[in-house]
Amino acid sequence: MVETHGDEPARQLGRRARKALATRQAMFEAGLDAFENRPLGMVSVLDITEASDVAKGVFYLHFRGKDEYLICLWE
């Protein structure tokens with residue numbers, strides 16, 4: 001199976017890529033929920049990781065920090 005990115009359907013991605021996309025999606029959804037209830041500056045990386053049920057280290061595997069996370073979230 002060839003790994004693809006962008007507009008390609010997720011089913012064409014390899015297992016590892018699908019899992020990474022699912023993890024990112026869970027973190028994005030957790031962040032959006034948190035930002036609905038609190039101001040941007042009051043939401044921490046720990047809040048996002050706990051709500052998405054991932055370790056803080058996993059967050060930093062996907063993003064350099066909260067700023068990069070926010071840029072990706074709003075894109």
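**Chat: helix packing in a predicted chain**

Trainee: Does threonine 23 count as buried or exposed?
Mentor: Threonine 23 counts as buried, because its relative accessibility is 17%. Buried means under 20% relative accessible area, exposed means over 50%, and partly exposed is what lies in between, with a 1.4 Å probe and protein chains only.

Trainee: What kind of model is this, and how are residues numbered?
Mentor: It is a predicted model, in which local features need pLDDT of at least 70 and side-chain atom pairs count only at pLDDT 80 or more, while totals for chains, interfaces and linings use all residues. Residues are numbered from 1 along each chain as its sequence is written, and side-chain values use heavy atoms, with hydrogens and water left out.

Trainee: Back to threonine 23. Where is it, and what does it touch?
Mentor: Threonine 23 is in helix H1. Not counting residues up to four places away in sequence, threonine 23 touches Val54, Val58 and His62. Contact means heavy atoms within 4.5 Å.

Trainee: How many helices and strands are there?
Mentor: Four helices and zero strands, so the order from the N terminus is α-α-α-α. Helices are DSSP runs of H or I with at least four residues, strands are runs of E with at least two, and both are numbered from the N terminus.

Trainee: At what angle do H1 and H4 pack?
Mentor: H1 (residues 15-37) and H4 (residues 66-74) pack at about 95°, and their axes are 11 Å apart. The two helices are therefore roughly perpendicular. Axes are lines fitted to C-alpha atoms, for helices over the stretch in contact, and angles run from 0 to 180 degrees between N-to-C directions. Under 35 degrees counts as roughly parallel, over 145 as roughly antiparallel, 65 to 115 as roughly perpendicular, and the rest as oblique.

Trainee: Which residues make that contact?
Mentor: From H1, Arg24, Met27, Phe28, Gly31, Leu32 and Phe35; from H4, Tyr69, Leu70, Cys72, Leu73 and Trp74. They divide into nine nonpolar, one polar and one charged. Ala, Val, Leu, Ile, Met, Phe, Trp, Tyr, Cys and Pro count as nonpolar, Asp, Glu, Lys and Arg as charged, and the others, Gly among them, as polar.

Trainee: What about phenylalanine 28 by itself: buried or exposed?
Mentor: Buried, at 14% relative accessibility. Phenylalanine 28 and cysteine 72 are 44 residues apart in sequence and 8.7 Å apart in space, C-alpha to C-alpha.

Trainee: Which residues of H4 are buried?
Mentor: Tyr69, Leu70 and Leu73. Down the axis of H4 they fall within an arc of 100°, so they line one face of the helix. The arc is that of the directions from the helix axis to the C-beta atoms. Asp67 and Ile71, on the other side of H4, are exposed. The buried residues of H4 pack against H1, H2 and helix H3 (56-62).
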